[in-house]
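Biologist: Can you walk me through how the helices pack here? Then I'd like to hear about the core.

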Amino acid sequence: MPKTIHRVCFVINHIGDYHASRLSSCQERLRLAGHELVAIEASRSSAFYAHRQRRAAALKDAIRCIKLIESPSRRERALSLWHALKIARPSHIFTIGYSDELALTSLLFAKVNSVPIFFMSDSKADDQERSAWSEWIKAGLLRLFDGALVAGARHRSYFRSLGMSRPIEIGYDVIDNTFFRAQAAKLERRAPFFLRKGILPERYVICVSRLVSRKRVDVALRIYAASGAPQCGVRFVLIGSGPEEAAVSETAKQLGIDDMMCHLRDVPNSIMPIFYRRSEALLLASEYDQWGLCVNEAMALGIPCIVTSRCGVAGEIVEHGKSGFVFSPGSVETAAGFLRQLLSERALRDTMSLAATNTIDQWDLLRFSTGVATLVVGRSGT
C-alpha cells in the first residue's frame, strides 16, 4: 500500500523571525517523514516590528511560501486566500487563531473540501474580561476545528473549558534556543565596544515590552525603584516602543530614576541576545500576557525572570523559586523583594540560571514540530 504524503499548510498573516524558525524546523521534521510544508503569508510587513527581520527572510527562502495579494478589501483578501489554498492543495491546514478573516476563510475552505484544520493559539482564561455570550459563540466555532496547538497547560485548560474535546497539543510559543545562544556567543566579542559606547551598562536589569497599557511598564519601573537597584548602580534597560512611551518616561522622572533608565526603542532580534546575556534579571510586570516570548529568550541564556502570575509563562516555564519568581500583578513590594534577592545573592542567581536553562531546553523548536506532527498523523491528543 503506497504511503500517504501529507501537505501541511500554514496560513499566517506575517512570517517574522519567530514563525520562520518554527516553520523551518517543522519543514525539516515533515520532510524526513516524506511529507511537505506550504506557508501562505498574507502581509509582507509586521504591525509589531519596524526593523527588517533578516533571519526570517533567509529562512523563508527555503520554504515554499505563497504570498497573498495585499488589498484593503476584505472580500479580495478572502478570495486571494481561497485561490492560494486551491493552489497549495493541503491535506491539513493550520491557522493562527480561530476567528479572524484568515482563519474563517481557511475554516470554510477546509469544510467545503473535507480537509482537517487546526488552530494555533496562546489565549487563556484570565487574559481579559470574558462575556458569556462571546464565550458561547467561541465554543461553537471551536467545535468546527479538528484540534489545536497551544502555548501551555493553562491555555489547553481554557479551550477544554469551552468544550473542545479534539486533540490539543502544547508547544506553540517556542523560540530557536540554539540560534539565540550561538548569536549571544558571537556578539559577546563585541561587548567591549557596546560597553565603551554606553549602549550596554556594566550592571542592569532588563524589561522587553511593547509600551502599551496592559504591559504595565510603569509598574516594572516602580518595582525597580523600590528594590534599591538604582542606589547599587544597577540600571534599568527598557527595550520596546508604543503609545505609552511618554507615560513611561514621566513615571521614571516622578520616581527620580530617569537618569538610570536606558531606553532602546527598536532592537533587531539578531542583536537582542547580547542585551539578555549580560542582564542580571528580566522583569515582566504585565497586567496580563498571553505568554511572554521575551522570557523564553532570557531563559535560553540563563537569565532568571520575575513575572506576574497572569503571564502565560508563569508556572509553565517560570517556576516560582526555581527558575525565577512569580508575583501578583501590581504587587510592587513583593516583586521588589524578589529583585533585591537576585541582585544581592549571586549564588541564588547562579542556581536559578541553571534551572532556567534546563527548563527552556524542553521548550524548543522540536516541541513545536512534534506538536504539529502529532496532530497531522492523528495520534490522540490530551
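Biologist: Is the crossing of α3 and α4 left-handed or right-handed?

Modeller: Right-handed. That term applies when the near helix is turned clockwise from the far one, and left-handed when anticlockwise by less than a right angle. This is a predicted model, where local features need pLDDT of at least 70, side-chain atom pairs count only at pLDDT 80 or more, and totals for chains, interfaces and linings use all residues. Residues are numbered from 1 along each chain as its sequence is written, and side-chain values use heavy atoms, leaving out hydrogens and water.

Biologist: At what angle do α3 and α4 pack?

Modeller: About 45°, with the axes 10 Å apart. Helix α3 is residues 74-88 and helix α4 is residues 101-113. Helices here are DSSP runs (H or I, at least four residues), numbered from the N terminus. Axes are lines fitted to C-alpha atoms over the stretch in contact, and angles run from 0 to 180 degrees between N-to-C directions.

Biologist: Switching topic. How many residues are in the largest nonpolar core?

Modeller: 98. Such a core is a set of buried Ala, Val, Leu, Ile, Met, Phe, Trp, Tyr and Cys residues joined through side-chain atoms within 4.5 Å. Buried means under 20% relative accessible area, with a 1.4 Å probe and protein chains only. Phe-10, Tyr-276, Val-295 and Val-307 have the most contacts inside it.

Biologist: Which helix gives the most to this core?

Modeller: Helix α12, residues 293-300, with six residues.

Biologist: And what is Val-307 in contact with?

Modeller: Leaving aside neighbours within four places in sequence, its partners include Leu-284, Val-295 and Phe-327. Contact means heavy atoms within 4.5 Å.

Biologist: What does the second core include?

Modeller: That separate core has 33 residues, among them Ala-281 and Val-332.

Biologist: Back to helices. Where do α9 and α13 stand?

Modeller: Their axes come within 8 Å and cross at roughly 55°. The crossing is right-handed.

How values were computed: Helix = DSSP H or I, 4+ residues; strand = E, 2+ residues; numbered from the N terminus. Buried < 20%, exposed > 50% of the residue type's maximum accessible area, 1.4 Å probe, protein only.
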